[in-house]
Each structure stands twice: as C-alpha cells, then as structure tokens.
Amino acid sequence: MTVQPAMPKCWRPESKPHKFCPGCGHGLVLKALGEAIDELGIQDRVVFGCDIGCSLLSWDFFNVDSIQTHHGRTTPVMTGVKRANPDLICIAYMGDGGGYAIGSQHLVNAATRNEKITVLLALNTVYAMTGGQMAPTTMPNQKAETAPYGRDVEETGYPTQGPEMVAAIAREGAYVARGTTANLKQLKSYIKKALKNQMEGKGFSFVEALAACPTNWRTNAEKTWNFLQKDMPKYFKVGEKKVPGAEEKEGQ
Amino acid sequence: MSEKLITEEKRVFMTGNEVVAWAAVAAGAEIMYGYPITPQNEIMHYWTRLAPKYNRKFLQTEDELSAGFTTVGGVMAGRKAFTATAGPGNTLMQEPMSMAEAMRLPTVAIIQQRGGPSTATVIYSQQEVTMTTFGGNGEGLRIVYSTANHQELFDYTIKAFNVAWKYRFPTFVLGDGYQAKMRESLTVYDPEQRGIELVKPEPYVGKPGTPGVDREPGHYRNTYNVEEELYEVLQDYFKDYAKMAKEVAEYQAFDTEDADVIVLSHGVVSRGAKEAVEQLRKEGKKVGYFRPITLRPLPEDQLKELANKAKKLLIVESAQGQFAKLIKDVIYGSSAEVVPFFKPGVGITTEEIAAKANEIL
C-alpha cells in the first residue's frame, strides 16, 4: 500500500488528479493556499476567482465557491463580489500575464483603492497556456516563443517587479510579499498573513509566488529546479515587501 | 433598509439620467459600479447622492472593463448590481457582458448612446444598437429595451432588474444623449405600490454552509474543454432565450391595419415617427406606425405580419442601418419593400419623417 501525502481538506478530491502539467508550480501554490484556508478555517467564506491562462484549470480545484473569469479580469470580479458582500473572503488567483500585462490596470487600481481582497499571483516568466510566449516577467536573455533569441531588454524592457510595484503604491494596511514554491512553508505563511489581512479589514493583500513551468521552459527536473531556486530569485527577491504597522515602527 | 425614496406617486420634472438613478433606487438596486463617460455621468452623480440615504453602495472603477466585471461580481454575490456607460465605454463593456451572457448573469447596464465610431460626439446617436444587441464574441443572448421618453426610462429601468433576475440574461436599457440630458415630466412611483413584484436576487457564491460538506460548491466557468460541451450548453441557452422572447418582447403600433407605408423606428426617433404618422393620417394618408420596445428579442411575429401586409416599410433611425439590419433579418422573404431613412448621429424631426413617408406613398 502506498501512502499518499495528505491533501488539504478544502481541496476537491473529485477533481484530482489536477489538470496541470507534471512539474507545474500551480499545484504547489494551490497546496499552500489550500492549507492556509484549512488552518484559518475559512472554507465556508472563501470565494476563489481564477483568471485565464493555466490558472483557469483551477476553476473546480477546491470545495469552495469559485468563479472562472476572463484574462486579467479576476481582480475586478473579486472586487465586485467583496464590495457587494464584505463578509466573504475573496481570493483572485492569476498568472503574471493576467496580473502584470492585460490586467495591470486592475491590479494597480485595486491596490490604490486598498480593496479588501487577496490577489495571489503565480509567476513562471512565460505565457504558458498559449504556448510559451514572452511575458512581462521573462528574464533578460531568457528564450520564449516570441523572443526566440532571448529577451532583449533594449527592445522589450526589464521584467516587471510586481510586489515591489504594488508595495510602492499601496498605502498603510496593505500586505505585500513574494514567496516561492521552492519554500512552501514560507509561501503558506505569506498567504495566511495576506488572508488574515483581508479578514481583519486592514487593506489590500498581494502575494506573488515563483513557480515552475518545465513544459514551456523546456527543462528537465534538475534544470527546472535550478531556474526556480537559483536564477529567478536573483531578479525576483523573495520576502515580505509591505507589512501593516511597519511604517509606524520605522517612525519611532 | 432606510425609508423609501418614493412613498407616493408624484409628477416630477427631471433629466433622463436623474430618472434612471431614481428608478434604480425604486427597483431595489443595491450597488452601482461606474466609470465616467458622457452622456451618462449624471446617473452616477444622482446615484451617489441618493445611495447613502437609502443604504445603497457605489464604486467608481478604473475603466469600463472594471465597471462591467465588478458588476458581474456584484450579481454573483447576490446583489442587484448595475452599471451605466456610452460609446467607447460601451465598446469596453462588451467584454464583461459576454461573460454575463456565457454564465447567464443578471447584470443591468444603462446605455446612453453617443455618436460613433470612436470618440465621435458626446451628444446623441442610435449607433450603439448593433453593439448593445449583438456585441462581444457571442450570440446576442441579451435583453435590450429601447426607451423613447422619461416615463419609459423610469418604467423600463425598473423592469430591467426584474427581467434580468427572472430570466438570467444580461439586460440593457438603451437610451441616448437626448434622453439623458433633457428634462421632461413623468410620474414616479413605488413599483410595489403599483402591484409590480420585485424579483428577489439570489447569490451564486457565498450561500450558507461549507461547500463540499453541507452543500456542493458553486463552480462557475465560461470555458469548455471540447466543442460539443459548449454546443450543448448553448442549445439550452437558445431554448431558454426563445421561451423568454415570447414573454418579454414588447412593441407599440397603431394604424397598421390598412397602411400602405409603415414607419418603423425605435427609441427617441419613434416620437417623431408617431407624430408624423398621426399628421399623415389626418390628411387621409394610409400610413401606420410600428415601434419595437425590445430590440432583443424583437417582436418577430408582429414584424413578419406587417412585412407581408404593408407595401413599404420606412425604416427611420439615427444610424446607418443598424436597426434596419435587425428588422431585415427578421422579415427576410416578406413582400414589403424596405425604404431606408438613415441619419447617423443626428436627430430626426417629425417634418422630415412625414416628408419622406409622403414621398414614397
């Protein structure tokens, strides 16, 4: 008899095994999220929104009410739900294309308005569902389908620093962090803090999670892990970027 | 909820935008999501003044995409939510409204048409007919009321919330800049006092109980794995739409029985058309009047009947044939000749319509 690792309680067994590719980071991000929901005991109050792109494959991932939206539009849909019923805990789940390109205006303005929602963004440096095109977060010189000779920063700029941007525009009360699927315990703690921030009504919360895409990176297990654990964090620094109360402490 | 805005019927003299805000409050709308664009702005202005007094909410979003998608979120949370837009804003609004179509969401949107294409004018047109009836990458699974005056703006805004929540198709009230900005007399009333039952909203998400434990989770999507899966879903939608169409389609008509020429118009243009037909009748001319109130669904049976009885249909609109296209699609194969009278982006007077009808009699 093989022993299976325990699934988070709020995962929906009927939709497992999940639909993501082998080695995909989404399953790990959603595991950290599932455990966070379980530990906070909020399965009955969570509304989970997922974007277009690979994240849409999570539309029936949890035993929580879920809405699959359009590319980039999960942030406004969750904003609309939260504004209409503030008792719900709204999680907008998306990739880096949805959050930093097509839906960037929604992310920026939700952060500016300090919407009491949690945005969870999986960053894998590519548009994965559509076949590996260059994303706002593609690393300098990294190859992608629309940057076959590598991303030329002179032509297409540097990768978006999402949490740094959100931390810069969000006001006191917001929680912003970047975690990684290479450190699930830490990622889960960030997600829990983000959700608590929403539950306490403090403000906007945003967690980016570095995630692997071996399918589009065209990498084997070793190279995948190296890119995720060594290369990505050189540019995308893991850690908390904004924590409520920190500004007050600084002033003392 | 606080006291009612309208406790007894009364005559008022208001702009159309103010009428819409009053009607939305009277209809029990709970939250408006909006983004500024002329000529609908004052709907938001009046709503934001009324909302706190009657326990309603407002969110000014970053654009019309967001206004539409937050409205989608609002209805999924089980609230009567609405938005209002115009012109280029209506263009952006098509994306969220296609999601509403795909997921059968009872969104309500007020459209105050302005000139097009592009930025054009902020004043008036009937050029948002194609977009409002069949916009987005969909099949036009919408309900669209085209109003002609302020009383109708009030009546049909209330009705829009009711039909949206009853049939679960995105619903639009299609006005225009003239109706939005001009002042006119009307009677406002509390719909329940008139015996109009207000359909209660229901949440899609956040129902009582823990999903997977006490109840099934609500899993809502607009994406499908294979063609057949989508095909099946749409077949059910078309069936529901056809059934709804019989109950929802509305029109006004007079003097059509013996008419050689029937003047077909919609919205504010139908006011001129009505007067023109009345004048010509006094002169003994065999002219009739027909005006669909719903542009989606159209009163198809009545239109076909007319198109086989009259000699000519004079289609009058402030667009280059957008309304005519809808009509021609319905009456295809009928005997009447279609005569266009199109003035895109400008108003059309009684005199112009009467002259044109006279010319073709």
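Trainee: Where in α4(B) does the kink lie?
Mentor: At Gln94(B), shortly before the proline Pro96(B). The kink is about 35°. Keep in mind that this is a predicted model.

Trainee: How many residues does that helix have, and how far does it reach?
Mentor: Helix α4 of chain B covers residues 87–103, so to speak, with 17 residues. From its first C-alpha to its last it reaches 25 Å, close to the 24 Å expected.

Trainee: Is Gln94(B) buried or exposed?
Mentor: Buried. Pro96(B) is buried too. Twelve of the 17 residues of α4(B) are buried, so the helix is largely enclosed by the rest of the structure.

Trainee: What follows α4(B)?
Mentor: Arg104(B). Its phi is positive, near 55°.

Trainee: New topic, the sheet. What is the strand order?
Mentor: In chain B it runs β3-β2-β4-β5-β7-β6-β13. That is seven strands in an open sheet, with mixed pairing.

Trainee: Which strands stand at the edges?
Mentor: β3 (57–60) and β13 (294–296) of chain B. Each has a single partner strand, so one side of each is left without a neighbour in the sheet. The twist averages 20° from one strand to the next.

Trainee: How do β2 and β4 of chain B run?
Mentor: Parallel, joined by two bridges. Met32(B) has Phe82(B) in β4(B) as its bridge partner.

Trainee: Which helix packs on the sheet there?
Mentor: α3 of chain B, residues 64–76. It touches β2, β3 and β4 of chain B. Its direction makes about 165° with that of β4(B).

Key. Residues numbered from 1 in each chain as written. Chains lettered and ligands numbered in written order. Predicted model: local features only at pLDDT ≥ 70, side-chain atom pairs only at ≥ 80, totals over all residues. Heavy atoms only, no water. Helix = DSSP H or I, 4+ residues; strand = E, 2+ residues; numbered from the N terminus. Expected span 1.5 Å × (residues − 1). Bend = angle between axes of the 7 residues up to and from the residue. Buried < 20%, exposed > 50% of the residue type's maximum accessible area, 1.4 Å probe, protein only. Pairing = 2+ DSSP bridges. Axes fitted to C-alpha atoms, helices over the stretch in contact; angles between N-to-C directions. Contact = heavy atoms within 4.5 Å.
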